[in-house]
Amino acid sequence: MANPVARIDLDALVHNYQRASEACSCPLFAVVKANAYGHGLLHVVDALRQQADGFAVSRVEEALELRSHGVEQRLLVLGGIMQAPEIKFASDNSIEVVIHDDKQLAMLESWQGSDKGTLRVWVKIDTGMHRLGFAPSHAKSVLERIGSIKHVELVGVLTHFANADDLARETTSQQLAEIAPFEASADNISLANSAAILGWPDAHKGWGRPGIMLYGASPFLNRTAKDDGIKPVMTLRTKLISVHELKQGDAIGYGSTWSCPQDMRVGVAAIGYGDGYPRHAPSGTPVLINGKRAPLVGRVSMDLITIDLREHPNAAVGDSVVLWGEGLPVEEIAQYADTISYELFCRLTGRIKFRYEQAP
Ligand SMILES: *Cc1c(COP(=O)(O)O)cnc(C)c1O
């Protein structure tokens with residue numbers, strides 16, 4: 001079988017969690033939104049059950065899936081509640097939710113409460129990301145209003161950085177200054193994503209929220225996992241399914257975008273954009289064949305890629321082709337494809353087989 005396989009190294013995941021925990025010296029919500037960044041939600045959560053202080057997701061639905069799977073840790077919903085019925089689901093399942101706008105606040109104020117307990121909320125303050133959150137000028141009154149809602153418990157205050165991945169930009173320090181006056185307004189605070197955990201010690205307060213670093217990709221521009229002391233978790237692999245000799249001038253693939261500069265060997269491997277490999281990966285994007293680099297030539301198609309085998313005289317049908325992971329940093333492939341590792345992970349399709357590995 002030549003189906004592409006994503007091998008998930010759960011020991012590397014645990015290592016990366018510990019790295020985050022040591023770097024931050026704070027409790028962590030492991031961010032497992034979007035199917036654990038495409039790595040498989042329940043497998044990832046099970047592997048981290050011993051270590052993780054809590055888990056964070058985007059949507060109430062994702063948190064409910066974790067509770068019904070038996071996860072007992074704290075759960076935080078970053079996107080908060082969208083509709084009134086979610087309030088009861090969250091409260092009845094001890095799911096903490098982020099409140100980031102007036103509409104949510106109004107929903108909480110008109111909620112009648114549940115006999116199973118209070119709803120635990122975090123207030124998100126927009127310190128410069130300008131996506132979700134209350135403006136600092138408005139946040140004080142929001143905190144007071146939340147404090148006076150009978151069935152609601154204010155648990156924490158959080159904010160999110162726009163540029164923590166770029167250590168040369170000043171906006172992170174500005175955001176830290178904006179949140180400082182609110183640090184004592186609740187029992188908990190949460191500031192740091194992966195980039196802040198690894199690169200911004202001033203953000204090591206309260207609860208960290210590492211995502212991408214858990215999966216072994218560097219959050220920083222122009223760096224790879226190794227530079228940050230983390231290990232790749234996913235290795236995406238397929239096989240060569242055809243090898244042939246082409247003539248000088250032969251054009252390869254749709255659009256005939258690449259022509260052989262000489263007589264040469266070209267390999268075809270079983271993966272394409274229908275599996276989630278980026279169609280925008282241009283000629284020159286590396287893969288590993290039997291552990292050694294080889295460049296793509298021609299366009300990525302739905303099920304197949306074509307590979308320059310001039311440096312691989314012995315490559316043969318059935319040989320392993322690594323697209324990213326062990327030995328080939330996903331960050332590098334992301335750069336070739338003009339995207340970020342996050343997107344490469346998230347957009348793998350259901351055609352990929354996942355294989356989970358963990359030392360006994
Ligand atoms: C996704 C997300 C994170 C995790 O970010 P990484 O860059 O993957 O570490 C943290 N906080 C919020 C609010 C998020 O949406």
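In the predicted model, a backbone N or O atom of Gly211 lies 2.9 Å from an oxygen atom of the ligand, and a backbone N or O atom of Ile212 lies 2.8 Å from an oxygen atom of the ligand. A polar side-chain atom of Arg209 is placed 2.9 Å from a ligand nitrogen atom; polar contacts are pairs of N or O atoms within 3.5 Å, for which, within protein, one atom must be able to donate a hydrogen and the other to accept it, residues adjacent in sequence counting only if both atoms are side-chain atoms. Of the 390 Å² of accessible area that the ligand has on its own, the protein covers 92%, areas being computed by the Shrake-Rupley method with a 1.4 Å probe and, for residues, with only the protein chains shown as cover.

The model is a prediction in which local features require pLDDT of at least 70 and side-chain atom pairs pLDDT 80 or more, whereas totals for chains, interfaces and linings use all residues. Residues are numbered from 1 along each chain as its sequence is written, and side-chain values use heavy atoms, with hydrogens and water left out.

Lys33 is listed by UniProt, in an unreviewed entry, for "modified residue: N6-(pyridoxal phosphate)lysine"; such annotations may be inferred rather than shown by experiment, and their positions follow the numbering used here, with feature names shortened. Lys33 belongs to helix α2 (residues 33–38), where helices (H or I, at least four residues) and strands (E, at least two) are DSSP runs numbered from the N terminus. Lys33 counts as partly exposed because its relative accessibility is 28%, the classes being buried under 20%, exposed over 50% and partly exposed in between (1.4 Å probe, protein chains only). Leaving aside residues up to four places away in sequence, Lys33 touches Ala56, Val57, Ser58 and Glu62, contact meaning heavy atoms within 4.5 Å.

In helix α6 (residues 102–110), the buried residues are Gln104, Leu105, Met107 and Leu108. They lie on the same side of α6, because they cover an arc of only 160° around the axis, as given by the directions from the helix axis to the C-beta atoms. Their cover includes α5 (84–92), β5 (95–99), β6 (119–124), α7 (136–147) and β7 (152–158). The N-terminal end of α6 is capped by Asp101, with a side-chain oxygen 3.1 Å from the backbone nitrogen of Lys103.
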